[in-house]
Structure formats: structure tokens, C-alpha cells
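Keep the sequence and the 3D view side by side as you read.

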Amino acid sequence: GVPRSYDEIHDQAIAAIGVGLSGGLRRMEVEFPPIPSMNKLGDGSASSQRVVREANVGFVLKVASALSRSGWGVWILCGDGSTLEEVQKSGLPPATQAGLLRGTPPPTGPTDVVLVHPPA
């Protein structure tokens with residue numbers, strides 16, 4: 001059904017990612033407004049950008065946690081240093097590493113997943 005909350009949106013997105021990975025998909029894009037009042041926060045202020053970054057970081061960490069519990073190794077690649085700091089400060093789930101989305105891709109194997117977190 002139609003999700004009634006962001007927790008339900010997150011749960012459905014995480015479940016869909018799991019189904020896709022189990023079905024052999026290797027590239028997926030999961031995107032939706034990170035917070036319900038996103039349109040109101042489109043003012044470009046530093047405060048708005050921080051709120052959006054925190055919401056995005058929270059979601060990417062939920063995905064990483066679910067995937068690591070399912071046996072995947074996870075890389076979170078962040079588009080900027082402030083997002084990487086937020087990810088690291090929040091605490092990485094087991095079997096999860098984080099870095100910047102620059103230069104050489106991380107070494108990955110068949111049981112690894114790369115989550116790309118673009119700049120806010």
C-alpha cells in the first residue's frame with residue numbers, strides 16, 4: 001500500500017533494494033524527498049541544507065545497517081566532506097566503510113554494495 005510515514009517509506013525502499021540485490025540487480029537508484037517539508041526548505045539556507053543532509057545521512061545509514069545485517073559489505077561514498085563527517089559521527093554499522101566520492105572507486109567484491117550519497 002501507500003506508505004503513511006517516512007519510516008514506512010524507508011522500510012519499503014530498503015526491502016526493494018534487498019529484492020533487487022537478491023534478483024541480481026547491480027545498479028539501482030532510490031530517491032525521494034528526504035523530509036516531508038522539503039519544498040518549504042528549498043530556501044538555500046545553511047540551516048535547511050543541514051536538515052536535509054541529516055535526513056539523507058539517517059536514511060543511508062538505515063540502508064547500510066539493513067544490508068550489513070543481511071551479509072553485505074557496504075561502502076558509503078559521500079559527495080562532500082561535511083556529509084562524510086556526519087556519516088562517521090553518526091556511527092557506521094558493522095561491515096560498513098565510508099569515504100569520499102572522488103578518485104579511484106573502493107575495492108569491492110561480489111558481496112559488496114556501494115551506496116552513493118551525492119552532495120546535498
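Glu54 and Arg50 both sit in helix 2, 4 residues apart, about one turn of the helix. Helices here are DSSP runs of H or I with at least four residues, strands are runs of E with at least two, and both are numbered from the N terminus. The side chains of Glu54 and Arg50 meet in a salt bridge, at 3.4 Å from N to O. That term means a side-chain nitrogen of Lys or Arg within 4 Å of a carboxyl oxygen of Asp or Glu. Glu54 is partly exposed, at 34% relative accessible area. Arg50 is partly exposed too, at 36%. (Buried is under 20% relative accessible area, exposed is over 50%, and partly exposed lies in between, with a 1.4 Å probe and protein chains only.)

This is a predicted model: local features need pLDDT of at least 70, side-chain atom pairs count only at pLDDT 80 or more, and totals for chains, interfaces and linings use all residues. Residues are numbered from 1 along each chain as its sequence is written, and side-chain values use heavy atoms, leaving out hydrogens and water.

The structure holds 3 salt bridges. One of them joins Asp7 and Lys62, with the closest N and O atoms 3.2 Å apart. Asp7 lies in helix 1 (residues 6–22) and Lys62 in helix 2, so the pair ties together parts that are 55 residues apart in sequence. Asp7 is partly exposed at 49%, and Lys62 is partly exposed at 35%.

Now look at helix 3. Lys89 and Glu86 both lie in it, 3 residues apart, about one turn of the helix. Their side chains form a salt bridge at 3.7 Å, N to O. Glu86 is buried, at 14%.

Helix 3 spans residues 81–90, and its buried residues are Thr83, Leu84, Glu86 and Val87. They cover an arc of only 160° around the axis, which puts them on the same side of helix 3. The arc is taken from the directions from the helix axis to the C-beta atoms. The face turned away from that side carries the exposed residues Glu85 and Lys89. Cover for the buried residues includes helix 2 (46–69), strand 1 (73–78), strand 2 (96–100) and strand 3. Just after helix 3, Gly91 takes a positive phi of about 95°.

Finish in strand 3 (residues 112–117), where His117 is found. His117 is buried, at 5%. Setting aside neighbours within four places in sequence, His117 has contacts (heavy atoms within 4.5 Å) that include Arg53, Leu77 and Thr83.
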